[in-house]
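Dear colleague,

Please find below the sequence and the structure that I am handing over to you. My notes on what was found follow directly after.

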Amino acid sequence: MIIELIYTLFCISIILLIRFYRVKHQFTTSVAFSNKHYIVVNKQPDLKINSNQKYEPTLQTYLRQTFPNLANKNLYHEFYFPHRLDFATSGLLCIPKTKEACKAVSSAFSGRTTRKYYLALVRGWLSKDLVDINIPIGEDGREPHIQKMCAQQEALYCRNSRVAQTIITILEEGVFNNFPTTKILCRPISGRRHQIRVHCSSIGHTIVGDYTYSNRKDVTPARMYLHSLRLHLPNKMGDIDVATKDPFVEIKDWRVFRIIKSIDLAYSNLDDYIKASSSA
């Protein structure tokens with residue numbers, strides 16, 4: 001058992017190291033938006049938010065180098081992080097500049113008045129244009145050492161499940177390395193750990209490059225293809241609505257066969273569905 005655990009951790013380390021060297025020159029973290037209260041960064045994939053190792057490359061060290069005057073020595077990780085992205089996920093993340101700004105945006109997250117939209121490439125072709133996944137998510141009791149999550153339908157080993165909902169709509173159909181693949185836009189209603197990854201896996205459409213939720217089989221892609229595309233944060237310090245470009249447009253392994261809808265139309269479809277569902 002111990003040997004198997006050591007081997008698993010070693011394999012994960014090798015995969016992450018390979019991906020780091022593949023993407024470090026292709027993706028760089030940048031500032032997507034800034035005002036007197038907030039910074040919104042476009043995080044590169046395979047980058048931790050913070051670490052107890054002071055000089056390990058993380059979003060924290062990037063912020064320290066870019067905004068040294070904002071680093072607060074009274075905070076354990078120097079900056080306010082009211083929400084997070086997974087290590088492998090790229091895209092938008094809001095960094096409040098002050099305690100008051102952090103409280104305002106944290107209130108928006110806890111009150112679920114925020115709107116977050118994610119792009120993903122998933123294995124296979126979806127059978128429906130719009131999918132409402134309403135499956136609780138809990139901790140996977142088989143692998144607590146890697147903080148893996150699971151859908152409650154896997155009840156034998158899924159612990160401490162909490163309500164989770166993700167709405168998905170199709171953008172494009174094509175192939176990734178000659179295997180059927182779909183580009184989707186996701187809007188999570190709740191904010192559980194690994195939520196979109198677990199929900200996509202639960203319906204049989206694992207995110208391309210997701211090593212953890214492909215049972216450690218999807219190792220060839222340069223990264224996990226999940227990106228925080230748009231972030232809308234209404235709050236008393238001033239509404240924030242920021243979006244990035246689609247980072248998956250020019251990928252040599254991804255070929256589009258059919259465009260289903262534009263991103264703008266997908267935003268509207270998701271918002272209209274959620275609004276209709278909440279008023280029903």
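Strand β6 (residues 137-140) pairs with β7 in the antiparallel sense, over three bridges. Strands here, like helices, are DSSP runs numbered from the N terminus, with at least two residues (E) for a strand and at least four (H or I) for a helix; two strands pair if DSSP finds at least two bridges between them. Please note that this is a predicted model, in which local features need pLDDT of at least 70 and side-chain atom pairs count only at pLDDT 80 or more, while totals for chains, interfaces and linings use all residues. Residues are numbered from 1 along each chain as its sequence is written, and side-chain values use heavy atoms, with hydrogens and water left out.

The open sheet contains three strands in the order β7-β6-β8, with antiparallel pairing. Because β7 (149-151) and β8 (158-162) each have a single partner strand and stand at the edges, one side of each is left without a neighbour in the sheet. From one strand to the next, the twist averages 35 degrees.

A disulfide joins Cys150 to Cys158, with an S to S distance of 2.5 Å. The count comes to one disulfide under the rule that the two cysteine sulfur atoms lie within 2.5 Å. The link of Cys150 and Cys158 is right-handed, with 115 degrees about the S-S bond. Cys150 counts as buried at 2% relative accessibility, and Cys158 counts as buried at 13%. Buried means under 20% relative accessible area, exposed means over 50%, and partly exposed lies in between (1.4 Å probe, protein chains only).

Helix α4 lies across β6 and β7 and runs at about 40 degrees to β7. Such angles run from 0 to 180 degrees between N-to-C directions, with axes taken as lines fitted to C-alpha atoms, for helices over the stretch in contact; contact means heavy atoms within 4.5 Å. Six of the eight residues of α4 are buried, so this helix is largely enclosed by the rest of the structure. The buried residues of α4 are Gln195, Ile196, Arg197, Val198, His199 and Cys200. Just after α4, Gly204 takes a positive phi of about 85 degrees.

What is the closest cysteine sulfur to that of Cys200? It belongs to Cys186, at 4.9 Å, which is too far for a bond. Cys200 counts as buried at 1% relative accessibility, and Cys186 is buried with a relative accessible area of 0%.

**Aromatic pairs**

A search of the whole structure finds three aromatic pairs. Rings of Phe, Tyr and Trp (its six-membered ring) pair if their centres lie within 6.5 Å; planes under 30 degrees apart count as stacked, over 60 as edge-to-face and the rest as tilted.

The rings of Tyr117 and Tyr267 form an edge-to-face pair, since their centres are 4.8 Å apart and their planes stand at 70 degrees. Tyr117 lies in strand β4 (residues 115-123) and Tyr267 in helix α5 (residues 263-279), so this pair ties together parts that are 150 residues apart in sequence. Tyr117 and Tyr267 are both buried.

The rings of Tyr225 and Phe248 have their centres 5.3 Å apart and their planes at 75 degrees, so they too are edge-to-face. Tyr225 is in the loop between α4 (195-202) and β11 (226-233), and Phe248 is in the loop between β12 (240-243) and β13 (254-259), so the pair ties together parts that are 23 residues apart in sequence. Tyr225 and Phe248 are both buried. Ring pairs link Phe176, Tyr225 and Phe248 into a cluster.

**Charges over rings, and a buried aspartate**

The charged end of Arg223 sits over the ring of Tyr225, 5.6 Å from its centre. Likewise, the charged end of Arg230 sits over the ring of Tyr267, at 4.6 Å from the centre. A charge sits over a ring if NZ of Lys or CZ of Arg is within 6 Å of the ring centre and within 35 degrees of the ring normal.

Helix α5 also holds Asp271, which is buried with a relative accessible area of 17%. Leaving aside its neighbours within four places in sequence, Asp271 is in contact with Arg115, Tyr117 and Arg187.

Yours sincerely
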